[in-house]
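Here is a guided walk through one protein model, written for someone who would rather look at side chains than at tables. Keep the viewer open as you read.

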Amino acid sequence: MDVPLVMAGAGHSHLVAMRCWAEQGVRAPEGSVLISPGTHAWYSGMMPGLLAGRFHVEQCAIDLRPLADSVGLRMVYGDISAMNADRQKLVLSNKHTLAYQLLSINTGSEPPAPKNDGSVPLEPAKPFANFFQRWQLWRQEPPGEIVVLGGGPAAFELVLALQWKLPTTGFRLICAEELLSGQPVALQQAAAALMREREIECLPDTAISNIRDGQLWSGGKVVAHPDAVVLATGAAPLPWYACSALATDNRGFLRVNACLQSVNHPQVFISGDACSHNGSQRSGVYAVRQGPTLAHNVMAFLNDRPLRQYQPQTRTLALLATADGGALLSYGKHSISTTVMRPLLGFWKDRLDQGFIHRHERK
Ligand SMILES: Cc1cc2nc3c(=O)[nH]c(=O)nc-3n(C[C@H](O)[C@H](O)[C@H](O)COP(=O)(O)OP(=O)(O)OC[C@H]3O[C@@H](n4cnc5c(N)ncnc54)[C@H](O)[C@@H]3O)c2cc1C
């Protein structure tokens, strides 16, 4: 029998949508499910703090079953490996098939990897549970040199966090563009100064085209030969999006209209990193903000009521953790990065992040 509502993935938007339903006393139709590979949802904003040893796992991950229970969703543990939107079917990696009437996808993205021959271990920053396991092994046996690929806020926070707990390992941050491209210049300069202070080498404008024979190549030159490479390279679509029969953009993300509905399959909603939405960027902040609209629209669709349009914000607040409990701030063209302000900003970031976790916890 078809499942009336399948919530695929426990990303930021689904957490918020479930919390909205719980607060409004709304329950999913009988037989609806939430699919997740794991029992917990890891909150990305706190991952650098977790790696820096500032938090325990339980403080950064939300137990999904109580939240799902509170809105009448049954947990199905598994990974979606394929989908056919024309036949309204999902296939899990254990070959189990689910037919749905209404589907909401919030399964995120994965960091893109350069071409490689497997001679250097590549460690994607996501899924966090896997990366955290690798991190625990590194803590026991620190590698000689680690390269972090990526130049955005996540890469910057990650390299600082990793270096904080592995002081004997050499770290290098290799960015395809400038460090923190698109952020205010004052913030970029403060970030670069902090990297120098922590003895982390930063190579800007160095796109890695290939990894072979243990070496990282850029523009025909070898730029590093590390023991491991961490991928914090932004967002690429999950492989199964391409063959799902859902409309995609030229990068392979799933195209949605203003109501977060697939442009060619109205019984599929898509949110967070997975979706290609005019005006949205791929970050947790946007995924979270899509949550309330998604919560409304899924229930409206089920009850034949009008849908709402999602209005993305034009500016976002970013608080970049510096591993020592401090943070740098950017908001549009503005930034705050002075040494005096960092502890205060770090305190504020912790409050916001822990508030998110607490709002989504159910006993
Ligand atoms: C280290 C790091 C730090 C970051 N910090 C910030 C930050 O401070 N602020 C910010 O705005 N952004 C941050 N980001 C970016 C942010 O993580 C993503 O943009 C955000 O998580 C996207 O949210 P989402 O709702 O699309 O899905 P996600 O939160 O990525 O969640 C996707 C969910 O789907 C599940 N899933 C994945 N594949 C499948 C599958 N095949 N089947 C079923 N379920 C699946 C996963 O287990 C996961 O629970 C950070 C990223 C990294 C790597």
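The sections below go through the model's basis, its ligand, its helices, its strands, its ring contacts and its backbone.

## What you are looking at

This is a predicted model, in which local features need pLDDT of at least 70, side-chain atom pairs count only at pLDDT 80 or more, and totals for chains, interfaces and linings use all residues. Residues are numbered from 1 along each chain as its sequence is written, and side-chain values use heavy atoms, with hydrogens and water left out.

## Around the ligand

A backbone N or O atom of Val285 lies 2.9 Å from a ligand oxygen, and a polar side-chain atom of Lys126 is 3.0 Å from an oxygen atom of the ligand. Ala10 takes part through a polar backbone atom, 3.5 Å from an oxygen of the ligand.

## Two helices

Helices here are DSSP runs of H or I with at least four residues, strands are runs of E with at least two, and both are numbered from the N terminus. Helix 1 covers residues 12–24 and reaches 19 Å from its first C-alpha to its last, close to the expected 18 Å; the expected span is 1.5 Å times one less than the number of residues. Of its 13 residues, 10 are buried, where buried means under 20% relative accessible area, exposed over 50% and partly exposed in between (1.4 Å probe, protein chains only). Among the buried ones are His12, His14, Arg19 and Trp21. Gly25 follows helix 1 and has a positive phi near 70°.

Helix 9 has 19 residues and reaches 27 Å, close to the 27 Å expected.

## Strands and hairpins

Two strands are said to pair if DSSP finds at least two bridges between them. Strand 21 (residues 317–321) has 4 of its 5 residues buried, so it is largely enclosed by the rest of the structure. Strand 21 runs antiparallel to strand 22 (residues 327–331), joined by 5 bridges, and Leu320 has Leu328 as its bridge partner. The two strands form a hairpin with 5 residues between them, and Ala323 in the turn has a positive phi of about 75°.

Another antiparallel pair is strand 6 (residues 80–84) with strand 7 (residues 89–92), over 4 bridges. Met83 stands opposite Leu90. This hairpin has 4 residues between its strands, and Gln88 takes a positive phi near 55°.

## Rings and charges

A search of the whole structure finds 5 aromatic pairs. Rings of Phe, Tyr and Trp (its six-membered ring) pair if their centres lie within 6.5 Å; planes under 30 degrees apart count as stacked, over 60 as edge-to-face and the rest as tilted. Tyr43 and Phe356 are stacked, 4.4 Å centre to centre with 10° between the planes. Tyr43 lies in the loop between strand 3 and helix 2 and Phe356 in helix 9, so this pair ties together parts that are 313 residues apart in sequence. Both Tyr43 and Phe356 are buried. Trp240 and Tyr241 have ring centres 4.8 Å apart and planes at 85°, so they are edge-to-face.

A charge sits over a ring if NZ of Lys or CZ of Arg is within 6 Å of the ring centre and within 35 degrees of the ring normal. Arg282 lies over the face of Phe253, 3.4 Å from the ring centre, and the charged end of Arg212 sits over the ring of Trp217 at 4.1 Å from its centre.

Most residues other than glycine have a negative phi, and most peptide bonds are trans. The peptide bond from Lys126 to Pro127 is cis, with omega near -5°. Asp304 has a positive phi of about 60° and is exposed at 76% relative accessibility.

Key: Polar contact = N/O pair within 3.5 Å; in protein donor to acceptor, adjacent residues only side chain to side chain.
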